[in-house]
Amino acid sequence: MNHYQQLEAEAIEIIREAVAGARKPVMMYSIGKDSSVMLHLARKAFYPAPPPFPLLHVDTTWKFQAMYAHRARMVEESGMELLTHTNPEGLKQNVNPFTHGSNYHTDVMKTQALRQALDMHGFDVVFGGARRDEEKSRAKERVFSFRSAGHRWDPKSQRPELWNLYNTRTRPDESIRVFPISNWTELDIWQYLHVEKIPIVPLYFAAKRPVVKRGGMWIMVDDDRMPLEPGEIPEMRMVRFRTLGCYPLTAAIESPATTMEEIIAETFNTVSSEREGRLIDSDQPGSMEKKKQEGYF
Amino acid sequence: MDQLHAKNIVEYLEEQRQKETLRFITCGSVDDGKSTLIGRLLYESKCIFDDQLKALESDSKRYGTQGEKIDFALLVDGLEAEREQGITIDVAYRFFATDRRRYIVADTPGHEQYTRNMATGASTAQLAILLIDARKGILPQTRRHHRIVTMMGIRHIVLAVNKMDLVGYDAAVFNRIEADYRVFAKDATLDTLQAIPLAAIHGDNVLKTSEAMPWYTGPTLFEHLDTVDVSHTAAREAFRLPVQWVNRPNLNYRGFCGRIAEGKVRPGDAVRVLPSGRTTTVRSIDFWEEQLSEAEAGASITLTLNDEVDVSRGDLIVAADAPPEVADQFQVRILWMAEEPMVPGRSYWMKVHAKEITATVMEIKHREDVNTGAHLAAKVLNLNEIAVATLVTSQPVVFEPYTTNRILGGFILIDRLTFATVGAGMVDFALRRASNIHWQALELGKLQRAMLKHQTPRCIWFTGLSGSGKSTVANMLEKRLHADGRHTYMLDGDNVRHGLNRDLGFSEADRVENLRRVGEVAKLMVDAGLIVLVSFISPFRADRQTARELFEPGEFIEVHVDTPLAECERRDVKGLYAKARRGELKNFTGIDSPYEPPVAAELVIDTSKDNPEACALQVLKLIEGR
């Protein structure tokens with residue numbers, strides 16, 4: 001078996017194993033390229049049946065418009081149930097990345113919202129698309145990442161993982177985050193999307209888009225909710241996104257790559273690691289580790 | 001590597017598709033230059049992005065130990081920083097690729113207290129790099145690493161003799177270390193063993209052949225990793241599919257999903273379902289929207305069969321003419337991974353392929369010193385210790401010896417109380433019932449029965465006036481214990497007087513006999529490992545003392561429910577006090593018969609002061625504290 005068949009077979013094995021041991025599983029769906037791969041793998045694992053779990057999108061309401069359109073399309077195509085959740089408190093207070101800063105926005109609209117959604121539905125197995133190559137603190141993450149009551153990630157209580165034997169036991173209130181694509185790299189994701197012809201949000205492909213430069217990064221003006229600073233005039237540039245999050249928190253890169261082949265070529269020749277475009281990773285030292293302990297994926 | 005352009009992407013993708021993955025583990029400590037070596041591998045394979053390299057350059061100037069040069073160790077030093085902070089010491093996985101292969105590196109700390117981490121990393125690795133400091137040669141640590149990785153089934157070893165620059169690139173030093181290693185590794189079953197002299201810090205023999213060591217004519221580390229043949233070479237490649245999931249989307253489709261553990265399968269092949277033994281043939285191999293003409297080891301597929309045979313998760317579908325063994329007693333090797341020691345006789349959940357059952361270690365044959373390999377006697381197995389033991393499972397298990405197949409011979413043990421993964425094991429072979437019934441080795445007693453229930457058996461004896469709240473508190477306590485997973489039983493007038501003691505009345509002699517029998521029954525139940533709650537007025541000290549003496553010290557807990565008579569009489573739930581006052585009920589405790597309060601009860605509670613929940617919690621606190 002070649003490299004891709006191995007990665008795919010491993011991910012499918014993990015997904016089946018997690019579902020077999022779960023009381024109430026769910027798959028996190030963020031609409032991004034990793035989520036697209038995850039959804040595809042889940043469908044393959046259970047075909048011809050649809051995956052025996054719903055998708056959950058924690059909606060900050062600050063996703064790009066194109067992402068909402070893609071979400072609708074994929075739900076239709078997969079025939080799966082989509083659950084969405086927005087933190088009602090955050091919505092009431094109009095928490096947004098501009099006036100509240102990325103840290104607070106992420107905490108309220110993603111971390112807290114995720115916990116609310118998981119508590120509300122009582123999911124015990126939650127699939128996520130995190131990869132070990134993404135960030136330093138992820139390199140030692142388990143495939144089955146155990147969360148104690150309150151969704152806390154306690155580095156000391158993680159279970160040893162030997163062979164392909166995963167301990168899926170949980171008590172009520174405890175849960176497990178399962179990462180089937182732990183061993184994939186960014187390049188693997190792109191190549192898999194290409195080979196399997198999996199549809200992705202068009203924002204990944206370069207196009208002329210209105211952007212402003214902030215903190216050395218290109219921020220796209222997706223709708224009129226984005227306040228412009230004095231002197232800021234959006235300009236049209238050929239940009240694309242290597243990663244998609246909330247639109248003011250995810251920076252675009254200048255790129256001429258308009259086809260999947262060009263993206264892969266660009267990614268392979270790339271000069272900066274993927275999460276550089278995500279502002280939340282660098283807003284405080286050791287920030288990913290911290291967010292994880294609080295329940296962020 | 002040259003810049004890639006979109007127009008030759010098809011060619012590039014084809015290249016990528018041809019690549020295989022090699023998983024290896026690095027064994028050594030920071031002092032041996034392990035982080036430097038891994039950092040060097042990532043750097044030389046161009047798997048460091050420019051922004052990471054920039055950060056590395058600035059970190060190197062600030063914290064590095066290499067002056068103005070790049071300190072590669074900083075790339076991967078996360079784990080060591082953790083050790084200083086005293087938090088998770090773990091397995092970190094890193095990824096890199098060459099033109100030939102993709103690599104997944106398991107990076108674990110090398111010290112003895114991290115044996116379990118190294119075993120975890122080794123469990124999925126095909127190759128191990130044993131790192132040696134050329135100045136120090138073979139150390140006890142090297143022997144330990146060798147022992148762990150070979151026990152975990154790794155058959156390819158690279159002996160990386162590092163820091164050759166510090167011994168003047170001396171061939172004699174290298175040759176002596178290699179010879180020493182070959183001597184003590186001679187008993188191990190290895191497919192390849194390659195010794196390479198390195199100076200990772202300068203890159204000597206990592207990617208490029210070292211100019212400083214012209215005497216070495218073997219491959220560089222990268223050349224070796226890229227070309228070493230790690231393909232599985234089992235003598236017999238018989239089809240084995242552990243069934244993970246049964247797919248039944250509708251009445252017409254029954255698919256059996258799993259990842260092939262060994263061999264190949266084609267439609268039409270004769271297969272056997274184990275443990276049931278039923279045979280049938282393969283109808284189709286389904287994968288996504290296509291049907292495959294063949295599937296091989298490592299593939300996650302769905303099989304459909306030509307006959308309606310019963311197949312469940314945890315079963316195996318195997319080549320009909322070459323089935324694996326099925327057994328319920330085994331000789332195994334166990335590595336203990338929990339702080340709380342492993343005790344023979346205690347039962348654990350065992351997970352082997354997709355099968356989950358309970359298993360008990362009957363006997364530790366011997367413990368193996370992880371540094372020397374010496375056989376030592378052991379009653380229990382502590383964290384990071386390795387033992388050869390006999391194991392009995394609650395149901396027959398389909399398996400292969402670990403040396404034949406890692407997937408079908410490896411298992412984990414899970415604590416039934418904490419749900420933690422506490423042990424990793426490898427099946428050596430099955431013990432045949434006739435010749436190897438080791439049940440006698442284990443004396444079954446109260447301790448063993450109690451251990452199975454994860455509790456300390458006790459008799460909690462509630463004494464007090466009628467209406468004092470004994471049964472209410474005892475009931476509440478029993479519910480709470482039950483919720484905590486304890487095995488309990490309650491003895492009170494209601495369930496004893498109607499059966500066992502139906503022949504007894506209320507004369508003094510009968511009341512003594514009543515309590516004697518209750519005490520004896522409680523004793524049997526404690527012997528069975530239960531927590532027994534006894535709720536009887538039991539007014540006389542002598543009777544309670546008689547009961548107490550039936551038990552071992554500490555087992556009998558007397559709880560005096562000391563609710564004042566006035567309060568009990570006010571409650572008078574059953575109207576008995578009123579009857580006694582009217583003289584209709586003779587010998588009623590508290591009215592015309594005395595109650596002798598305990599002199600030294602383990603606990604005194606008063607339901608007129610505290611509510612029953614609070615009283616039950618006081619008892620719970622007392623027994624938990626013991």
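Two residues are in contact here when heavy atoms lie within 4.5 Å. In this predicted model, the contact between the two chains takes in 78 residues from chain B and 63 residues from chain A.

The area buried between chain B and chain A comes to about 6200 Å². Carbon and sulfur atoms give 58% of that area. On the side of chain B, the residues that lose the most area to chain A are B:Trp245, B:Trp288 and B:Phe419. Together these three make up 13% of what that side buries.

The polar part of the interface can be taken next. Between chain B and chain A there are 26 residue pairs in polar contact, with both residues at pLDDT 80 or more. The count of salt bridges between chain B and chain A is six. A:Glu17 forms a salt bridge with B:Lys351, and the closest N and O atoms of this pair are 2.7 Å apart. Among the elements of chain B, helix α1 (residues 9-18) gives the most to the side that touches chain A, with five residues. Sorted by class, that side of chain B has 40 nonpolar, 21 polar and 17 charged residues.

Aromatic rings are the next topic. Over all chains, the structure holds 22 aromatic pairs. One of them joins A:Trp184 and A:Tyr192, with 5.0 Å from centre to centre and 85° between the planes. The pair is edge-to-face, because planes over 60 degrees apart count as such. Is A:Trp184 buried or exposed? A:Trp184 has 0% relative accessibility, so this residue counts as buried. A:Tyr192 has a relative accessible area of 3% and is therefore buried, since the cut-off for buried is under 20%.

A pair in chain B is formed by B:Trp336 and B:Tyr348. Their ring centres lie 5.4 Å apart and their planes stand at 65°, so this pair is edge-to-face. B:Trp336 belongs to strand β17 (residues 325-336) of chain B, and B:Tyr348 to strand β18 (residues 347-352) of chain B. The two residues are twelve residues apart, and the pair links distant parts of the chain. Both B:Trp336 and B:Tyr348 are buried.

Which residues do ring pairs link into a cluster with B:Trp245? The cluster has A:Phe46, A:Phe53 and A:Phe127 from chain A, along with B:Trp245 from chain B. B:Trp245 is also one of the residues of chain B that lose the most area to chain A.

How values were computed
Residues are numbered from 1 along each chain as its sequence is written. Chains are lettered from A and ligands numbered from 1 in the order in which they are written. This is a predicted model: local features need pLDDT of at least 70, side-chain atom pairs count only at pLDDT 80 or more; totals for chains, interfaces and linings use all residues. Side-chain values use heavy atoms; hydrogens and water are left out. Buried area is the accessible area (1.4 Å probe) that two parts lose on being put together, summed over both. A salt bridge is a side-chain nitrogen of Lys or Arg within 4 Å of a carboxyl oxygen of Asp or Glu. A polar contact is a pair of N or O atoms within 3.5 Å; within protein, one must be able to donate a hydrogen and the other to accept it, and residues adjacent in sequence count only if both atoms are side-chain atoms. Helices (H or I, at least four residues) and strands (E, at least two) are DSSP runs, numbered from the N terminus. Ala, Val, Leu, Ile, Met, Phe, Trp, Tyr, Cys and Pro count as nonpolar, Asp, Glu, Lys and Arg as charged, and the others, Gly among them, as polar. Rings of Phe, Tyr and Trp (its six-membered ring) pair if their centres lie within 6.5 Å; planes under 30 degrees apart count as stacked, over 60 as edge-to-face and the rest as tilted. Buried means under 20% relative accessible area, exposed over 50%, partly exposed in between (1.4 Å probe, protein chains only).
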